[in-house]
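Open the model in your viewer and keep the selection panel at hand.

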Amino acid sequence: MMGNINKIFYILLFVSLNIYASPEDDLTDFQNYFKNKFPNTEFSDYKNGVYSIDSSSREQWESIEEFPPYEINIEQGEELFNTPFKNGNTYASCFKNNGIGIRQNYPYFDEDKDEIITLELAINNCRKKNGEKPLSYYRGGPMADISAYMAYTSRGKIIDIKIPNYKAEEAYEAGKKLYFTKVGQLNFSCADCHVYYPGTKLRADITSPAIGHPTHFPVYRSRAGRMVTLHERFAGCLNRIRAKPFKAQRDEYKNLEYFLTYMSNGLEINGPGSRK
Amino acid sequence: MLMKRYINIVFIILIFAISSVQADNVKEGKKLAFDRKKGNCLACHQIGNGELAGNNGPPLIAMEARFPNRIDLFNQIWDATKNNPNSFMPPFGKHGVITKDEINKILEYLYTL
């Protein structure tokens, strides 16, 4: 059960996240909230998701990571990434630094298009620009493999998401709002499981803290036996609470990803990862 | 009197029938409480001998002593957000996850704890 101190913290957190707070203030409040909740967890360790707070399952996970199940996906992703399109161009031509070591810059707010650009969206934009059909956002496959490779080349880079203007801040606020709104037949908000109750057990599952979520995506899920992108994971959690999931790369998810990644500013990219 | 004897027998059968219905309700209530697609109360509460219990809600023990009024317990399951608008516990009845009838069966089981 929640102690009174924790309760006070979460009321403070909720209030300060809602009234007049700038994203910078939100970030400080959020990170302090988790620091208080899990005093034994180093900030840098949140990139490890649930294993940053649950030592009982950590050892088994670490041994899985020694022979990572996503290795083949990184290899396939690299090959796809380096295979030229029909017009002779490659993915590298669409990205800064030829697409190497840039995962930490996504998602970003494109000030010309007034739109959030996620990595997966940028991959498909690149294909379109070069006259290729977009890749599916679902069920792992080539999209998740390319994303996994690009994350892999960015390991160790620090997330530093910017909110450049008012429009961007609106998108951030929309993502924050959705994160804290109860939805679905079972009436949960994302924050219920990942802000207020992380570290508690739901049957055999322990929920992870909300900071550090995007650092390690895409993720190989042993339950699914394949790679899962961040938006597919969002859909998984919405299904679980019997809420209607959104389509991948819709504004709702892009806003969520923008908010969530901003809250992970200062953490390292360590994707791809492996999870249950 | 023969008539009186008759009534006695009917009465005994009736009691027997009622208590076996009640036993059935307890059994069904337990099933509903444990079923992941129904109450799934075990996701959050320690309950009797239920395995893989969660721990974000209080253990469901000594229910008779803590909920002497059946209606209070019913209401907690029907709509937990009445007592606590931010409750982590889903409003099972209000959102149509389980029916009134099913909640009443769960109550029969809970009062054995």
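Two strands count as paired here if DSSP finds at least two bridges between them. The model is predicted.

**Stop 1: the sheet.** Select β5, β6 and β7 of chain A: these 3 strands make an open sheet in the order β6-β5-β7, with mixed pairing. β6 (226-228) and β7 (273-275) of chain A are the edge strands; each has a single partner strand, so one side of each has no neighbour in the sheet. From one strand to the next, the twist averages 35 degrees.

**Stop 2: one strand pair.** Zoom to residues 219-221 of chain A, which are strand β5; 3 bridges join β5 to β6(A), and the two run antiparallel. Which residue of β6(A) is the bridge partner of A:Tyr220? Select A:Met227 to see that partner.

**Stop 3: the two domains.** Colour chain A by domain: 2-67 + 163-275 for domain 1, and 71-152 for domain 2. Their C-alpha centres lie 24 Å apart. Each domain brings 24 residues to the contact.

**Stop 4: the contact between them.** Domain 1 and domain 2 of chain A bury about 2,200 Å² between them, with 63% of it on carbon and sulfur atoms. Between these domains there are 2 salt bridges. Next, show the side chains of A:Lys254 and A:Glu115, which form a salt bridge with the closest N and O atoms 2.8 Å apart. On the side of domain 1 of chain A that touches domain 2, α7 (166-180), β6, α9 (230-240) and α10 (251-262) each supply at least two residues. Finish on α10(A), which gives the most to that side, with 5 residues.

Notes:
Residues are numbered from 1 along each chain as its sequence is written. Chains are lettered from A and ligands numbered from 1 in the order in which they are written. This is a predicted model: local features need pLDDT of at least 70, side-chain atom pairs count only at pLDDT 80 or more; totals for chains, interfaces and linings use all residues. Side-chain values use heavy atoms; hydrogens and water are left out. Helices (H or I, at least four residues) and strands (E, at least two) are DSSP runs, numbered from the N terminus. Axes are lines fitted to C-alpha atoms, for helices over the stretch in contact, and angles run from 0 to 180 degrees between N-to-C directions. Domain bounds come from an automatic or database domain assignment. Contact means heavy atoms within 4.5 Å. Buried area is the accessible area (1.4 Å probe) that two parts lose on being put together, summed over both. A salt bridge is a side-chain nitrogen of Lys or Arg within 4 Å of a carboxyl oxygen of Asp or Glu.
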